[in-house]
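Please keep the sequence and the 3D view at hand while reading.

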Amino acid sequence: MDFQPTVQQDLLRKAVRQFAEDEIAPLVNEMEINDDTPLDLVGKMGDQGFLGVAIPAEYGGTGMGHLARMIMIEEVGRISAGIAMALQVMQMGAGMVVDLGSAAQKAKYSPLLAQGKILVAPAITESSGGSDLEGLSTRAVDEGEYYSLTGRKVFITNSHISELAVIIAKNEGGAKRDFSAFLIENGTEGFRRGRMERKIGFHGCITGELIMENCRIPKENLFGDKGRGLAIALRGINDYGRMGMAGIALGLMQASLEASVKFARERILYGKPISNLAPIQFKIAEIYADLEASRFLAYNAAWLIDQKKKSDTQVSSAKFFSTEAALQCTRKAMDIYGAYGCMKDYPLERYCRDAQLLVPADGTNDIMRIIAGRNLAVKK
Amino acid sequence: MHVAVCVKMVPAPGQWSRIVFRDDGSLQREGIELIINPVDRNALEEALKIRQARGGTVAVFSMGPPSCLEHLREALAMGADRAFLLSDRNFAGADTLATSRALAAGIKKEMPGFDLVLCGSASIDSGTAQVGPQLAAYLGAAHLTEAFSISVGEQNCFQVRTAGSHGYFVTDLRKPAVISVTKQLNKPRIPTLFDIMASCNKEIIILSSAELSLPKSESGLEGSPTKVRELFFSPARRLARILEGSMEDRVEELLRQPGVAGVLK
């Protein structure tokens with residue numbers, strides 16, 4: 001078994017780390033206050049090729065793959081979970097167009113998406129939730145020359161900065177699982193942005209509503225085959241969304257580990273650094289073990305996606321394990337800091353708030369356990 | 001315009017506490033994460049800018065063990081066309097003079113028609129700032145140190161600005177030239193993902209002492225006149241002193257103190 005990253009993956013990690021430290025870190029405090037996504041930064045990430053990391057070269061990306069994407073999200077998440085979240089959803093939208101769009105849609109949008117010139121927001125969740133996909137109430141009516149969509153999507157990442165959306169809607173009059181996906185361009189009649197949410201974390205990543213009221217969608221904007229909406233949604237969520245959550249969890253744990261070691265070496269108690277105290281060493285060892293275990297789970301799942309092998313058990317396991325590990329590790333790091341950890345001057349409380357958001361996103365962790373457990377236990 | 005850039009791999013600052021000195025005064029580098037000497041990246045960035053404006057090629061030269069190859073790949077990802085690693089057991093333990101001699105031999109062999117050689121003003125590990133001037137002597141080229149601005153003028157003359165104690169100097173250098181640069185020169189680029197992919201198709205050539213026709217007596221420890229007598233960490237202490245007396249006395253003493261301590265001249 002070869003655990004050695006490739007030359008490209010090594011160079012990518014270095015380049016992304018440097019970019020995150022030079023370009024993202026100086027914006028974190030401002031994003032914590034105004035909770036806005038800096039569009040200049042999005043442009044720079046596009047120029048660096050970040051949005052096309054998993055997009056093949058023929059569509060304007062680099063084709064470095066999902067494992068490389070995981071490393072990228074981890075490095076961005078080490079500095080800002082909010083920007084990592086925004087970035088991973090931008091990649092998800094672009095990836096869905098390339099993986100699942102028609103030839104005409106790929107030709108029209110892919111190069112622009114890969115370079116970050118336009119953004120696409122996958123929009124699946126509704127007020128009824130995102131896990132019960134069959135309960136979605138957005139309706140698509142086939143009007144002959146066009147589709148008419150009506151409904152309201154909530155908790156949509158990058159809702160207010162994207163030029164395109166992929167909307168999952170139930171086909172009017174169809175069977176229980178008869179859903180389709182549609183591409184909607186911003187500015188389409190009957191399509192508008194709703195409220196922006198105020199979250200406890202992921203500041204710098206916009207989350208909001210997308211509203212369709214008798215929104216007329218041209219027939220060529222059907223995304224994938226008619227009736228394949230649920231499959232399209234699940235493919236995007238599995239390959240990109242859940243993997244993105246695991247990547248952000250790795251970044252938060254890495255940041256927690258580095259912060260804990262630095263503080264423990266500098267904080268003097270009883271005349272010695274607290275790094276000499278066994279209880280502090282225990283916590284640091286546990287953070288490290290959780291990080292490494294999560295990393296191997298997540299990297300293996302990303303590698304399976306790159307190999308085009310079945311991966312839902314591994315992806316689900318990586319998602320719930322790593323995000324819960326991130327919750328525990330950020331809390332332990334905060335404990336090591338003592339009262340300092342509760343101060344806004346230090347990033348520890350931000351890590352904790354961001355880690356909590358990983359749990360419900362892209363399928364709650366209970367749903368992740370159901371997927372993995374059902375795959376492993378139920379006789380087929 | 002053909003530009004050679006010399007880069008050195010140095011221990012990452014976060015790893016300095018793990019550095020061990022051998023009995024001969026050289027560094028034990030095994031197991032220590034290395035990086036490209038930060039100011040050498042500024043040298044490479046300037047070379048890439050000159051190529052962008054004037055055309056030509058950029059080649060990177062370094063000396064070190066095979067583990068330096070991955071860092072040369074990083075230089076290629078930044079945009080260099082070719083990279084050469086001078087790597088041979090005979091080079092081990094080289095001081096600045098033996099290093100300069102080997103680098104000069106490498107540049108003469110692989111880029112004989114060079115117009116310009118750029119290097120960082122000093123490395124963050126040993127900080128001698130000697131390789132640039134010695135390299136210029138071996139190459140028979142004009143030389144300036146501490147450059148914070150370089151522009152290519154008429155007839156391929158380089159107009160260089162270097163720092164002085166109360167201002168700066170502007171000097172015209174005829175090619176070929178060797179210029180040591182400072183961090184103020186530019187902001188090194190971060191390789192894009194496209195650059196990273198492209199770098200994997202570029203070649204890194206390893207050069208031995210035999211290929212550079214350098215006998216063992218002129219290479220490495222044997223070819224190094226510098227003998228390290230002792231290595232030690234210079235103690236650094238904070239100096240805290242509370243001034244007493246009237247406000248006037250204290251201000252007068254405060255103004256006098258920096259001069260006494262050698263902080264201000």
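## Helix packing in chain A

The crossing of H7(A) and H10(A) is left-handed. This comes from a predicted model, as does everything that follows. Helix H10 of chain A covers residues 348–358, and H7(A) packs against H10(A) at an angle of about 160°, with the axes 10 Å apart. H7(A) is therefore roughly antiparallel to H10(A), because angles over 145 degrees count that way.

Which residues of H7(A) and H10(A) make the contact? From H7(A) come Met245(A), Ile248(A), Ala249(A), Leu252(A), Ala255(A), Ser256(A) and Ala259(A). From H10(A) come Leu348(A), Tyr351(A), Asp354(A), Ala355(A) and Leu358(A). Sorted by class, this contact has ten nonpolar, one polar and one charged residues.

H7(A) also packs against H9(A), at an angle of about 25° and with the axes 8 Å apart. That makes H7(A) roughly parallel to H9(A). H7(A) passes H9(A) in a left-handed crossing. The contact of H7(A) with H9(A) has 18 nonpolar, seven polar and three charged residues.

| Helix pair | Angle | Axis separation |
|---|---|---|
| H7(A) and H10(A) | about 160° | 10 Å |
| H7(A) and H9(A) | about 25° | 8 Å |

## The nonpolar core

The largest nonpolar core has 187 residues. Which of them touch the most other members? They are Ile167(A), Phe182(A), Val5(B), Val117(B) and Ile179(B). Helix H7 of chain A, residues 229–266, gives the most to this core, with 17 residues.

Apart from neighbours within four places in sequence, Val117(B) is in contact with Ala4(B), Cys6(B), Ile107(B), Leu135(B), Leu139(B), Ala141(B) and Val178(B).

## Where the chains meet

How many residues of chain A are in contact with chain B? There are 15, and they are in contact with twelve residues of chain B. On the chain A side, the elements that give two or more residues are helix H1 (7–24) and helix H3 (39–48). H1(A) supplies the largest share, nine residues. By class, the side of chain A that touches chain B divides into seven nonpolar, five polar and three charged residues.

## Chain B

Chain B has six helices and 13 strands. Its C-alpha atoms fill a box of roughly 70 × 50 × 40 Å along the principal axes. Of its 265 residues, 40% count as buried. Among the contacts in chain B with a separation of 6 or more, 70% are between residues 24 or more positions apart.

Helix H2 of chain B spans residues 69–78, and eight of its ten residues are buried, so the helix is largely enclosed by the rest of the structure. The buried residues of H2(B) are His71(B), Leu72(B), Arg73(B), Glu74(B), Ala75(B), Leu76(B), Ala77(B) and Met78(B). After H2(B) comes Gly79(B), with a positive phi near 135°.

## Backbone exceptions

Most residues other than glycine have a negative phi, and most peptide bonds are trans. A few places in this model depart from that pattern.

In chain B, a cis peptide bond joins Lys175(B) and Pro176(B), with omega about -5°. Pro176(B) sits in the loop between strand S11 (167–174) and strand S12 (177–181) of chain B.

In chain A, Phe202(A) is not a glycine but has a positive phi, near 55°. Phe202(A) lies in the loop between strand S6 (191–196) and strand S7 (207–218). Is Phe202(A) buried or exposed? Phe202(A) is buried, because 27 other C-beta atoms lie within 10 Å and 20 or more are needed.

Lys308(A), also in chain A, has a positive phi of about 55° although it is not a glycine. Lys308(A) is found in the loop between helix H8 (278–306) and helix H9 (312–337). Lys308(A) is exposed, because 7 other C-beta atoms lie within 10 Å and the limit is 12 or fewer.

## A glycine between two helices

Gly101(A) lies in the loop between helix H5 (81–100) and helix H6 (103–114) of chain A. Gly101(A) counts as buried, with 23 C-beta neighbours inside 10 Å. Not counting residues up to four places away in sequence, Gly101(A) touches Lys106(A) and Phe223(A). Gly101(A) and Asn221(A) are 120 residues apart in sequence, and their C-alpha atoms are 9.4 Å apart in space.

Terms used:
Residues numbered from 1 in each chain as written. Chains lettered and ligands numbered in written order. Predicted model: local features only at pLDDT ≥ 70, side-chain atom pairs only at ≥ 80, totals over all residues. Contact = placed C-beta atoms within 7 Å. Helix = DSSP H or I, 4+ residues; strand = E, 2+ residues; numbered from the N terminus. Nonpolar A, V, L, I, M, F, W, Y, C, P; charged D, E, K, R; others polar. Core = buried A, V, L, I, M, F, W, Y, C linked by C-beta atoms within 7 Å. Axes fitted to C-alpha atoms, helices over the stretch in contact; angles between N-to-C directions. Parallel < 35°, antiparallel > 145°, perpendicular 65-115°, else oblique. Left-handed = near helix turned anticlockwise from the far one by under 90°.
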